[in-house]
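Q: Take a close look at one part of this model and describe it residue by residue. Keep the account connected, and give the cut-offs behind each term.

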Amino acid sequence: FGFFVSLGLGTEYVALVKTDANGNTQWIKAFGGAGSDWGDYVEQTNDGGYKVVGYTTGFGAGGYDIYVLKVDAAGNLQWTKTYGGAAADGSSQWGISGKTTSDNGFMICANTSSYGAGSNDYLLIKTDSTGGLIWANTYGGAADDQPRFALETKDHGFSIFGFTTSFGAGDLDAYLIKTDSLGNHQWSKAYGGPAYDKGSMAREAPD
């Protein structure tokens, strides 16, 4: 899973590879258009298929847009969705991760420079089971804030983890945001010292 350039479909395109337990290839599927299409995250869905989150320049509103694909268990495309704004100012949206939610919808964690308060901001998108947009919220300050991981919490809210230059004690700090089930900001914390501190992943502890 990731991106390929070798099959000639575009500049780069999403590739999904299924193997057996010994790593032998069972099938390879490629998805994309004339531009660049990249996969950053994949999960298996309850029906045995897969959802992929990444970015595209071949589809969407322009520039880089979030790209979500749903395939069946054999890798056959069922639907695709793009999310993002126009790119006349060079703005972009990059899909980082995603997760099926407790209501069988989908949560997408992304970076955006089209919306929000700064050069880059956290973007959290909630969709229904077929990728239809329910809500989208941005989080961050006047500088650079970029997410790396998000999860649904036990109270059906969301937690987003990454890094910030808008808040904290130094040049770059780890940055954790907690929202309610509708994506409304509940609290946020920055962690780090005066130099370079970067968050990559978070988990909810039993307590």
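**Salt bridges and the loops that hold them**

A: Lys126 is buried, its relative accessible area being 6%. Here buried means under 20% relative accessible area, exposed means over 50% and partly exposed lies in between, with a 1.4 Å probe and protein chains only. The model is predicted, so local features need pLDDT of at least 70 and side-chain atom pairs count only at pLDDT 80 or more, while totals for chains, interfaces and linings use all residues. Residues are numbered from 1 along each chain as its sequence is written, and side-chain values use heavy atoms, with hydrogens and water left out.

The partner of Lys126 in a salt bridge is Asp103, with 3.1 Å between the closest N and O atoms. A salt bridge is counted when a side-chain nitrogen of Lys or Arg is within 4 Å of a carboxyl oxygen of Asp or Glu. Lys126 belongs to strand 10 (residues 121-127), whereas Asp103 sits in the loop between strand 8 (93-100) and strand 9 (106-112), so the contact ties together parts that are 23 residues apart in sequence. Strands are DSSP runs of E with at least two residues, numbered from the N terminus.

With a relative accessible area of 41%, Asn104 is partly exposed.

In total the structure holds four salt bridges. Another of them joins Asp155 and Lys178, where the closest N and O atoms are 3.1 Å apart. Asp155 is placed in the loop between strand 12 (145-152) and strand 13 (158-164), and Lys178 in strand 14 (residues 173-179), so this pair also ties together parts that are 23 residues apart in sequence. Lys178 counts as buried at 9% relative accessibility, while Asp155 counts as partly exposed at 46%. The loop between strand 12 and strand 13 also holds His156, which is not a glycine but has a positive phi of about 70 degrees. His156 counts as partly exposed, at 41% relative accessibility.

A further salt bridge is formed by Lys70 and Asp47, again with 3.1 Å between the closest N and O atoms. Lys70 is in strand 6 and Asp47 in the loop between strand 4 and strand 5, so parts 23 residues apart in sequence are tied together by the pair. Lys70 is buried, at a relative accessible area of 6%, and Asp47 is exposed, at 52%.

The strands around this last pair belong to an open sheet of four strands in the order 4-5-6-7, with antiparallel pairing. Its edges are strand 4 (37-44) and strand 7 (77-83), each of which pairs on one side only. On average, neighbouring strands of the sheet are turned by 20 degrees against each other, direction ignored; axes are lines fitted to C-alpha atoms, and angles run from 0 to 180 degrees between N-to-C directions. Within the sheet, strand 5 (residues 50-56) and strand 6 (residues 65-71) are paired antiparallel over seven bridges, where pairing requires that DSSP finds at least two bridges between two strands. Across this pairing, Val52 stands opposite Leu69 of strand 6.
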